[in-house]
Amino acid sequence: MSDLKPITGQTKLFGIFGHPVAHTLSPFMHNAAFDAVGLPYRYVPFEVPPDRLEGAVKGILPLGIRGVNVTIPHKEAILPFLDQVDEEAKMIGAVNTVEVISGRLIGHNTDGRGFLESLFEMKVALSGKRVILLGAGGAARAVAAVLAQQSIAEMVIVARTAARGKALADRLAAISPGLKVSLWGADWGSPLPADPDRSTLLINTTPLGMKQEDPLPFPIHLIDSRWSVADLIYRPAETALLAAAKRAGAQVIPGLGMLLHQGVLAFEIWTGQKAPLSVMRQALQNALSFQDFRSR
Ligand SMILES: NC(=O)c1ccc[n+]([C@@H]2O[C@H](COP(=O)([O-])OP(=O)(O)OC[C@H]3O[C@@H](n4cnc5c(N)ncnc54)[C@H](OP(=O)(O)O)[C@@H]3O)[C@@H](O)[C@H]2O)c1
């Protein structure tokens with residue numbers, strides 16, 4: 001852990017609203033980034049229960065808070081309390097970053113583009129790909145919305161709750177009317193159609209894999225060496241799904257990349273400066289190893 005610069009009368013505050021929020025890694029990467037570029041800013045976690053969200057948002061301006069991230073369970077609930085929501089956040093239907101400009105609260109969503117950046121960093125080609133999306137919750141919406149705007153061939157949404165899958169499919173039809181979207185049950189009752197011509201990008205957006213005893217979110221015998229397999233989970237760094245994908249010879253994309261890049265984009269929105277990417281990545285990796293060590 002690095003030594004942070006002292007808090008003074010000039011310090012400006014940023015933070016994250018969540019419930020629970022104690023597990024967040026964002027303070028590590030943002031505080032390291034502020035220090036690295038010499039800004040007198042600090043980023044802290046705010047434990048905000050759902051019935052206090054409106055009050056917390058109303059407190060941002062009077063307290064002089066310069067910006068916040070928003071995490072579970074507030075990403076959708078915060079929408080009515082903001083002065084403006086940008087096009088991307090509207091398209092996703094959720095906000096993960098709030099910017100304060102001239103006394104107004106502006107909502108953004110950097111989750112989808114953060115995920116996309118993590119794919120680009122790993123040189124995952126998207127053109128013509130079949131995407132299999134496991135889950136249809138908040139993170140799935142962000143990821144699917146940005147992917148639907150890329151040149152992918154098809155998206156298969158695998159949802160435990162059919163209505164949630166259908167709602168996501170409808171949203172994608174509005175974003176990208178030409179995109180082929182199909183729905184699949186998470187019970188794998190019928191076999192997934194084979195795809196001999198195209199490689200596949202499989203993305204786990206469910207929480208399955210966070211706990212050691214979790215079942216696998218996908219029948220791993222279907223994974224082909226031409227596939228790329230991404231997991232949004234970053235703790236553990238390598239989920240059972242990613243380990244199985246590696247054994248099958250597939251390319252793997254761990255969730256830490258999305259966490260990093262959504263943070264990089266938020267930093268750039270707040271500061272107007274290029275984010276110190278390697279400092280933020282190192283801070284996240286250090287924080288993860290530190291927390292792993294403490295939980296042993
Ligand atoms: N790397 C990053 O930066 C990043 C960013 C955001 C989220 N995440 C991770 O992404 C995951 C999802 O977050 P979220 O905000 O999207 O949560 P969410 O809104 O609760 O959505 C979770 C989705 O997973 C499905 N699901 C949950 N348990 C399941 C099970 N046992 N079997 C099949 N499907 C199941 C849910 O289905 P139902 O609709 O039926 O409940 C829902 O579609 C979490 O692990 C989170 O930590 C990572």
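## A guided tour: salt bridges, a sheet and its helices

Start by selecting Glu-87 and Lys-90: both of these residues are exposed. Keep in mind as you look around that this is a predicted model.

Stop 1: How many salt bridges does the count come to? The count is eleven. For another one, select Asp-35 and Arg-42, where the closest N and O atoms are 3.3 Å apart. Is Asp-35 buried or exposed? Asp-35 is buried, because its relative accessible area of 13% falls under the 20% cut-off. Arg-42 is buried as well, at 9%.

Next, pick Arg-141 and Glu-76, which form a salt bridge at 3.3 Å, N to O. This pair links distant parts of the chain: Arg-141 is in helix 5 and Glu-76 is in the loop between strand 3 and strand 4, 65 residues apart. Arg-141 is buried, with 11% relative accessibility, while Glu-76 is partly exposed at 41%.

Stop 2: Switch to a cartoon view. Strands of a sheet pair through backbone hydrogen bonds, either parallel or antiparallel. Here, six strands make an open sheet with mixed pairing, in the order 2-1-3-5-6-4. Which strands are at the edges? They are strand 2 (41-47) and strand 4 (84-85), each pairing on one side only. Zoom in on strand 4: strand 4 pairs with strand 6 (residues 104-108) in the parallel sense, over two bridges. Look for Val-85, which stands opposite Gly-107 in strand 6.

Helix 2 (residues 53-60) touches strand 1 (12-18), strand 3 (67-70), strand 5 (97-101) and strand 6. The direction of helix 2 makes about 165 degrees with that of strand 1. Helix 8 (residues 256-271) also packs on the sheet, touching strands 1, 2, 3, 5 and 6. The direction of helix 8 makes about 10 degrees with that of strand 5.

**Stop 3: helix 4.** Finally, select residues 111-121, which make up helix 4. Its buried residues include Asp-111, Gly-112, Phe-115 and Leu-119. What covers the buried residues of helix 4? Among the elements covering them are helix 5 (138-148), strand 10 (200-204) and helix 8.

How values were computed
Residues are numbered from 1 along each chain as its sequence is written. This is a predicted model: local features need pLDDT of at least 70, side-chain atom pairs count only at pLDDT 80 or more; totals for chains, interfaces and linings use all residues. Side-chain values use heavy atoms; hydrogens and water are left out. Two strands pair if DSSP finds at least two bridges between them. Helices (H or I, at least four residues) and strands (E, at least two) are DSSP runs, numbered from the N terminus. Contact means heavy atoms within 4.5 Å. Axes are lines fitted to C-alpha atoms, for helices over the stretch in contact, and angles run from 0 to 180 degrees between N-to-C directions. Buried means under 20% relative accessible area, exposed over 50%, partly exposed in between (1.4 Å probe, protein chains only). A salt bridge is a side-chain nitrogen of Lys or Arg within 4 Å of a carboxyl oxygen of Asp or Glu.
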